[in-house]
Amino acid sequence: MEQSYIRVCDVEKYYGSGTAVAKAVDRVSFRVDKGEFVGVMGPSGSGKTTLLNMLSTIDSVTAGHIYYETVDITELSEDKLSEFRKENLGFVFQEYNLLDTLTIEENILLALSLHQREKREVLSRCREMLDLLGIDDVRDKFPYQVSGGQKQRCACARALVNRPKLLLADEPTGALDSRSAQTLLETFTDMNSRLEATIFMVTHDAFSASYCGRILFLKDGQIFHELRRGRKSRREFLNEILDVLSLTGGELSDAQ
Amino acid sequence: MLSKLALRNVMRSARDYLVYFLTMMLVTAIMFAFHSLLFSREIQQLFEMAGIFAVLVGMATFFVVLIVAWLINYMVRFILEKRSREFGIYLLIGMKKKEISRLYMRESLLLGAAAFAGGLALGMLLQQILLAILYSMIMMEYRPRLEWSVGCLVTTAACYGGCYLLALLRCRGKFRRMNIHALMSSQKQNEEIRESHEQAKRWLLPLSCLFLLAFALFLFFFKAWDVTVILGFLLGLVVTIYVFYTGVAAWVICYIRRKGKGIFKGQNLFLLRQFSSKLKTLRFTLGTLTSLFVLALLGCAIALMFNDYQNQTLLDKWPFDVMVFSSDTQDAFQEELEVLNRECGVKEALIYDIRQNGTDTVNAWLYSHLKTFGGAYTSADGSLDREALGRDEIWAYYEHDTYLALSDYNRLREMAGLLPVELEEGEFLLHLKERVWDETGDFTGELEIRVDSGSEEPGDSAEPGSGTAEHSSRLRPAGVYTEPLSQDGHNGADYLLIVSDRTAERMTPYYRLLTANLEGRAPDDLLRKLDALPSKRTSTTPFGGHQENMDMACGTDNIVVYVVANIVRDNLIPEVKFMLSSVIFALVYIGLVFVCVALTVLSVQQLSDSAKYRFRYQVLHQIGLGHREISRVILKQLACFYLCPILFAALISGTMAVYLGWKFNVHTGTHTMAAGYFGLAFLLFLCVYAVYFVVTYVGFLRNALTKA
């Protein structure tokens, strides 16, 4: 059997201690293949962001293992985790998380500079990403001078510029208007197909989720359902997602 | 409920702005300690010059109050801005602006009062340290005791409270203009970096450097300083200090835009951008801080100069226990000797005449060559410009050259613990102050010392300076001696010409001196008792057929010149040391407060940024930097931000301090390397700096890495 790209094995996460223990993630296991675009959906408090944080090495697991190919990241030291993060992961968050003192271009350059690359290579890769994500005309602007969509595309460019093994996105469209959200999701799909980027996206927006190839539904820290798009059109897949959500009830009513 | 809220907020503010709180405590402590010296009864009783101390410390307090007022004003507004969201919530839940304003005032006053109370306790400790230092500086025994007076407490409270109330009153206006939406959103807004005309602004950096270079060159080589030039340069300096940071920020921005090689190394891009954005937004504050650092460093360097002078030269200034001057050349000093014998007992005493022969060869040479006169009395051919000298009232030298007979000179040397010297007939010795010797070297070869050869009565010689008549003969130089000999008007002013007894006898007695060493230490009031006797300092004496006004000359010493008829070393040294200590204390007082205030502003700024912009470090963490690397980034970022104003201030104050140190050495005869004063001041300064830096760094790490 072919080795999976990412394997999450019986991962648990508890918060608190003594009698006040809250279980955020409860024995979750799944696999992600190379070049997959996986979405995680679930109501507030279902544990989706916790899961993403553990996958992204920002948070530690209470129990279980997470393998990136053959590397078990739950066993790595703090320094090695940083190195791992730098080499293998890219992040896109709802709040963009761009450095406000750097221009759009410099935000991308910084991510490249941390990899000790040659100046020429850094500049050419940066230019390529700026072109690819259509933000070349705002390259010299500061984050506060550009739209939310442009900021998010910059964050996306920064996340992808080092060609990570996995792009982690936490509610990337949460702060965007519908047009910008659509553009960003199309960019994700494009990156996924053209660059074979593996994407792991947390969202509670069904429309965003419809761009994924596979969706994991989380509830009370457990995966309770999984949907695969297969050869379905996006609209069909969206309807399917909405059907699942309607079954889960109340908290996701905004998605209907 | 509001009181409870206020109390909780105060405790939170004291924790969040711990550096500010501690600095206010320290400032109160420093103020209290210095004020307690001002009001100390013992000091007032001990020293005649307690008034000078009061004036100097009072002046220092004035500057300290100004700067503390600025700090409080800055901090009150700063905290107000940081807590704007919280105030927005108060407004939202229905509190009136007046109530919020009152709540904030109450909190600020509580915080201020807590710092004041803590400061008083610390101040008492500091007061003991200051008193111990002061007494050790003036070489008196100190018995620890608490100096406590209502006046001191009221003055400190008035200075401190005044600053606080002023700042709070200014804040009331801000509350009136409050708007809920603006308050709620102000904290969400990040610094907006506006970059425009950076290429042009970049030139401000080389221009600032050029101005500083010109300033340094003018300082060392320009002679004709007048008020316009000085004001022009001071104005230029202030402008330079303020535009320098705009220039540096623009230069860094241009470098980043040019994509210089350095930005592609590690986290340099982040660091350079952080640095330039901070410089841009805080350029005015940084300019003010630099000015404070410059003043503090200069104050500290000057204080060290005085301290050095006190240690190096003051003890040499008066080598004999007692000296009494009399313009009456027949004086037998009976009353003085009676007083001395009665009060203490005389171990050895010498009554002798300083003589003159109507010439002023040495005076003329010194007037036309010493740097202290700045060439004002030098004519085009290098000789003395008598016309210029006549226009000014100069008391540096006596009207005529001052001579001493060899036997008296050797007796004096013996009394000063020096070996006697020998001198042939027809020779002269020059006994010169060491400070003057350092500047002039041996110039006896250039002197034409002519004395009456004995055919005419002394005093009948021709006009001063014309001792080249056929009855006079030229003396040969036989050397120069520079041991301390009390030459501020007593044993000559700056110098004495030593001639053989026979030659001296043919000269006119000029004035008379009593020099004595006592059996033991002089009682504290001996000088007062001698001064109570009728003054013999000035007189009108017949000379060369006309009347001449006779008064003491003072030589060319600066800083401490005691032109008094009576000298009692044991009484004068503590007095002078006290006076010098006053200057030192006042300067250190200002310097210390300025440094603490400036460092507090830097520290609070950084700590507040560390909390507000925590996400920046979280982003760095996400893109692959470990905690250790982020700590290093923070260290570099803080170091750049902390070092920039101090290095710039060091450059300016260093130039000025080296110039002042050089001048100080010229005028006082101290031998410390001119840059030494500054070096030591800078070192002391860095110690205080390091404390603030470490506290800020630790706080910054705690804030930035909590969730990173």
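Analyst: Arg273(B) and Glu106(A) form a salt bridge, with their closest N and O atoms 2.6 Å apart. The term stands for a side-chain nitrogen of Lys or Arg within 4 Å of a carboxyl oxygen of Asp or Glu. Between chain A and chain B the count is four salt bridges.

This is a predicted model, in which local features need pLDDT of at least 70 and side-chain atom pairs count only at pLDDT 80 or more, while totals for chains, interfaces and linings use all residues. Residues are numbered from 1 along each chain as its sequence is written, chains are lettered from A and ligands numbered from 1 in the order in which they are written, and side-chain values use heavy atoms, leaving out hydrogens and water.

Where chain A meets chain B, 27 residues of chain A are in contact with 33 residues of chain B; contact means heavy atoms within 4.5 Å. About 2800 Å² is buried between the two chains, 61% of it from carbon and sulfur atoms. Buried area is the accessible area (1.4 Å probe) that two parts lose on being put together, summed over both. Of the area that chain A buries against chain B, Asp100(A), Thr101(A) and Tyr144(A) supply 21%, more than any other three residues.

Chain B has four domains: domain 1 (1-189), domain 2 (192-281), domain 3 (284-318 + 570-708) and domain 4 (322-562). These bounds come from an automatic or database domain assignment. Within chain B, the C-alpha centres of domain 1 and domain 3 lie 21 Å apart. Their contact takes 42 residues from domain 1 of chain B and 36 residues from domain 3 of chain B. These two domains bury about 3400 Å² between them, with 81% on carbon and sulfur atoms, and the count of salt bridges between them is zero.

In chain A, strand β7 (residues 166-170) has five of its five residues buried. Buried means under 20% relative accessible area, exposed over 50%, and partly exposed in between (1.4 Å probe, protein chains only). Strands (E, at least two residues) and helices (H or I, at least four) are DSSP runs, numbered from the N terminus. Leu166(A), Leu168(A) and Asp170(A) point one way from β7(A), and Leu167(A) and Ala169(A) the other way. In a regular strand the side chains alternate between the two faces of the sheet. Strand β6 (residues 89-93) of chain A runs parallel to β7(A), joined by five bridges; here Phe93(A) has Asp170(A) as its bridge partner.

Conventions
Two strands pair if DSSP finds at least two bridges between them.
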